[in-house]
Amino acid sequence: MWFFARDPVRDFPFELIPEPPEGGPPGPWALHRGRKKATGCPVSIFVYDVKPGAEEQTQVAKAAFKRLKTLRHPNILAYIDGLETEKCLHVVTEAVTPLGIYLKARVEAGGLKELEISWGLHQIVKALSFLVNDCSLIHNNVCMAAVFVDRAGEWKLGGLDYMYSAQGNGGGPPRKGIPELEQYDPPELADSSGRVVREKWSADMWRLGCLIWEVFNGPLPRAAALRNPGKIPKSLVPHYCELVGANPKVRPNPARFLQNCRAPGGFMSNRFVETNLFLEEIQIKEPAEKQKFFQELSKSLDAFPEDFCRHKVLPQLLTAFEFGNAGAVVLTPLFKVGKFLSAEEYQQKIIPVVVKMFSSTDRAMRIRLLQQMEQFIQYLDEPTVNTQIFPHVVHGFLDTNPAIREQTVKSMLLLAPKLNEANLNVELMKHFARLQAKDEQGPIRCNTTVCLGKIGSYLSASTRHRVLTSAFSRATKDPFAPSRVAGVLGFAATHNLYSMNDCAHKILPVLCGLTVDPEKSVRDQAFKAIRSFLSKLESVSEDPTQLEEVEKDVHAASSPGMGGAAASWAGWAVTGVSSLTSKLIRVHPTTAPAETNIPQRPTPEGHWETQEEDKDTAEDSSAADRWDDEDWGSLEQEAESVLAQQDDWSTGGQVSRASQVSNSDHKPSKSPESDWSSWEAEGSWEQGWQEPSSQEPPLEGTRLASEYNWGGPESSDKGDPFATLSARPSTQPRPDSWGEDNWEGLETESRQAKAELARKKREERRREMEAKRAERKAAKGPMKLGARKLD
């Protein structure tokens, strides 16, 4: 039987990547890129080939192998594995790049920031302090070639070949025999008399000064060049001069050098170094300190290197969320760092955390997730959205906090394209019907109408036919004026989804009723919509062959392409952050009589209501909330009125105001045949909207609309003829639901219902308290003789 010797290199779990070596410290070592065979994880492999007649170098290489294997410190090159044979030595470390190559690459890419250099030098000095003060070891080889940089930009000290004990054990320093290394030796080593007094760290600190000079000025040509600091920053020059002083006795200990540079105004006193130091000790920090750190971190990330954010900050953020109970404060920096990741990395690192966050009951986390959804929605696949995210998000529709309800409505703009048939056409529509009908916040009802108009193209044909007309018609009767405007514009933006019969028999009658609305902004939009619908009907009447083309989208399947008309409606829908309704509410600090001017009509049970998030109102008032800022084609550019509303937030009675809608000069329309693209190109759903009201017959002495001179100028002393109109309860019953399906019935007496519910809860609470008192008395039993009666 034959036995074959096993090849240890072949059985080694790491392999070299076939390419030229990257370099390494001067000497026999060659640095190669490598990877782990099992996982493909990148590593660096230092290779030393044993040559005959080089026993001294071989002993130095083996000593370096042993030192690296036994020394463990965050700032020293991390040993992973090693292989020693008669022919070679293999030392496997974390994946690193020689500092010289790294600096050259960064210069070509735009230069290395002083922040990065300050932290890199901090790490090297800290490693020297560990060797000298804690291990009593002299590195004896500090230079550019002995420093390496990992993928996070962290500097690591290597090149341990010539290390020796500071206590004299094992003899003196080994002989280098390499001129490139000997030029970094301090001048006192040339004095063989031994009369020079020096500290054990003196030689290494001289070499540290040489390293600092090379980092800022390039390769050191000769020792005399150290006298000129060159490009070394002024804040570092005094400390540098201490390092390269001729007297070795005055060279500072590495620990004191760090202390000096960290002093206020020092080279290492900056936000980047402080952030790194905090991250190194984050496990022992108090929860309050962590919260404050993560809150301030996002402000600094823009100034930090990208590799540092990806490989050092991101793991700490993920760990803080998983195990540190950091909560919502990690979201902002997490998504900021996520911009630096590739799509694959984002899927692996960020998405699992995001999915887990959606199941959290923390309101702060939920609302931040909803506000920042646009940053990660493109990385979510449809199964994940429908099974793991949507079931948690819909709870926000029932939340008692108006801000969460509104953000939930707005998030549907991003989730709708990824929802399946059941979630979109059934579950979501039920929640929207309830919000539009029962939500007490007018702006939330408004936003619900806005959102429905924008996602209408994704609905199935049967759902569109059953829901859209009923929902927008209901919105036109809302007491909140912006909701009425939203209903009108909803009809306009989804015009291609209605048959000609629906336009004539269902939509135009509703719009005509709004032409005498008390609010001019509602009337303006109603007239525009009427002219556009009439133009469409007239074109089909003139050429009946166009009917099929005009109604091609009515029975078509849901398609994102049909949503182009609504693409520019809501600025909040595009940005995902600013709130349309908050614009309506907080533009004016003073409370305007938003609803007092509008005659109240009975609120039907099928009311669509939108939720407000007052907080974002004033932020985007100049962007997408101007309906008349863009060209409406044949539609006239009308003036819009200032609307205000006072809404009581459930969180503290905060007064919210309706938004101010921009006023533009009244211009005559260009032609009756309005192009529907003008509706699509026009503004957004962010306009001051107010409550609908049924119109009463004109008061005695009030002229009819046809009697006014609409084209001529009005005298300044005449007010708006419609402003005096008062509404009375509509005689026509409004529909209870969107269609014939099992939509929730709507309450006509919402206030009485709430009062009745509160009374029942108080009664139940009183009965529970009486039952508990009876149980306590029964449990005590008869009193013993002499016992005190405590109750």
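Setting aside residues up to four places away in sequence, E116 touches Y102, R106, F272 and P305, where contact means heavy atoms within 4.5 Å. The model is a predicted one, in which local features need pLDDT of at least 70 and side-chain atom pairs count only at pLDDT 80 or more, while totals for chains, interfaces and linings use all residues. Residues are numbered from 1 along each chain as its sequence is written, and side-chain values use heavy atoms, with hydrogens and water left out.

E116 belongs to helix α4 (residues 114-134); helices (H or I, at least four residues) and strands (E, at least two) are DSSP runs, numbered from the N terminus. Because its relative accessibility is 8%, E116 counts as buried; the term buried stands for under 20% relative accessible area, exposed for over 50%, and partly exposed for values in between (1.4 Å probe, protein chains only). The side chain of E116 also makes a polar contact of 2.8 Å with that of R106. A polar contact is a pair of N or O atoms within 3.5 Å; within protein, one must be able to donate a hydrogen and the other to accept it, and residues adjacent in sequence count only if both atoms are side-chain atoms.

Three strands make up an open sheet with antiparallel pairing, in the order β6-β8-β9, and two strands are said to pair if DSSP finds at least two bridges between them. The edges are taken by β6 (96-98) and β9 (155-157); each has a single partner strand, so one side of each is left without a neighbour in the sheet. From one strand to the next, the twist averages 40°. Three bridges link β6 with strand β8 (residues 147-150) in the antiparallel sense, and T97 has V149 in β8 as its bridge partner. Helix α3 (residues 99-108) lies across β6, β8 and β9, and runs at about 85° to β6. Helix α4 packs on the sheet too, touching β8 and β9, with its direction at about 25° to that of β9. For these angles, axes are lines fitted to C-alpha atoms, for helices over the stretch in contact, and angles run from 0 to 180 degrees between N-to-C directions.

Another open sheet contains five strands, ordered β1-β2-β3-β5-β4, with antiparallel pairing. Its edge strands are β1 (14-16) and β4, each of which pairs on one side only. Here the twist averages 30° from one strand to the next. Strand β3 (residues 42-49) pairs with β5 in the antiparallel sense over seven bridges, and D49 stands opposite C88 in β5. Strands β4 (residues 79-84) and β5 (residues 88-94) run antiparallel and are joined by five bridges, with D81 opposite V92 in β5. These two strands, β4 and β5, form a hairpin with three residues between them.

Most residues other than glycine have a negative phi. S136, although not a glycine, has a positive phi of about 55°; S136 is placed in the loop between α4 and β7 (137-138). N140 is likewise not a glycine and has a positive phi of about 70°, and its place is in the loop between β7 and β8. S136 counts as buried because its relative accessibility is 15%, and N140 counts as buried because its value is 6%.

The N-terminal end of α15 is capped by D362, with a side-chain oxygen 3.2 Å from the backbone nitrogen of A364.

Finally, the structure holds four cavities of 30 Å³ or more. On a 1 Å grid over the protein atoms alone, a cavity is a set of points where a 1.4 Å probe fits but cannot get out, and lining residues have an atom within 4 Å of a point. Grid points are joined across faces, edges and corners, and a volume is the space filled by probe spheres set on the points. The largest cavity has a volume of about 140 Å³. Its lining consists of 13 residues, of which F46, A64, L68, G159 and D161 lie nearest the centre. Helix α2 (residues 55-70) gives the most to this lining, with three residues.

How values were computed: 1 Å grid on protein atoms, 1.4 Å probe; cavity = no way out; pocket = protein on both sides within 12 Å on 5 of 7 lines; lining within 4 Å.
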